[in-house]
Amino acid sequence: MILSCAIKAGTRRVVRVCGALVDPALGLVAYGRVDGMTPHGAEISRRKANTAASSRRPSSAVPHAFERGTRGLLTSIRGGLPVSFGGLSVSGLGVAGGPQQQDAEIVAVVIRGIGTDQNGAADS
């Protein structure tokens, strides 16, 4: 459901997107993409999700130096948000495929749409 929401939000913006959902231990829970998605989008969406899940903050809030220190496991690229319910962080969602601003808008729409806590949703 979460990734189909991301794909639909991307389609409405004429953006080919892919999305990754990871658990707090950075295990991949779900992945989805549209046909024609660029190959590197899968990895970028996963890194955005990893960042949001591990830091419990938007991927854009992570300092660039931190990104280098994790050998690319995390990223400071916009488009990743933590998924939290009642203050409990349960996963991270990352979206890739468009420019950073569009990815950030899409992931924020999904977070609002599924009824999660919205800490950081305006600045993904």
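**A tour around strand S4**

Begin in this predicted model by selecting Val-83, whose bridge partner in S4 is Ser-91. Then widen the selection to the whole of strand S3, residues 80-85, and to S4, and you will see two strands that run antiparallel and are joined by six bridges. Where the chain turns from one to the other, the hairpin of S3 and S4 has two residues between the strands, and Gly-86 takes a positive phi near 60° there.

Next, select strand S4 by itself, residues 88-96, which is mostly covered, with seven of its nine residues buried.

Now colour the largest nonpolar core, which has 17 residues, and pick out Ile-2, Val-83, Leu-93, Val-95, Ile-106 and Val-110, the members that touch the most other members. The elements that give two or more residues to this core are helix H1 (2-12), S3, S4 and helix H4 (100-113), and H4 gives the most, with five residues. In soluble globular proteins, nonpolar side chains tend to be buried together.

As a last stop, select Val-22, Leu-26, Ala-49 and Ala-53, which are among the five residues of a second, separate core.

Key:
Residues are numbered from 1 along each chain as its sequence is written. This is a predicted model: local features need pLDDT of at least 70, side-chain atom pairs count only at pLDDT 80 or more; totals for chains, interfaces and linings use all residues. Side-chain values use heavy atoms; hydrogens and water are left out. Buried means under 20% relative accessible area, exposed over 50%, partly exposed in between (1.4 Å probe, protein chains only). Helices (H or I, at least four residues) and strands (E, at least two) are DSSP runs, numbered from the N terminus. Two strands pair if DSSP finds at least two bridges between them. A nonpolar core is a set of buried Ala, Val, Leu, Ile, Met, Phe, Trp, Tyr and Cys residues joined through side-chain atoms within 4.5 Å.
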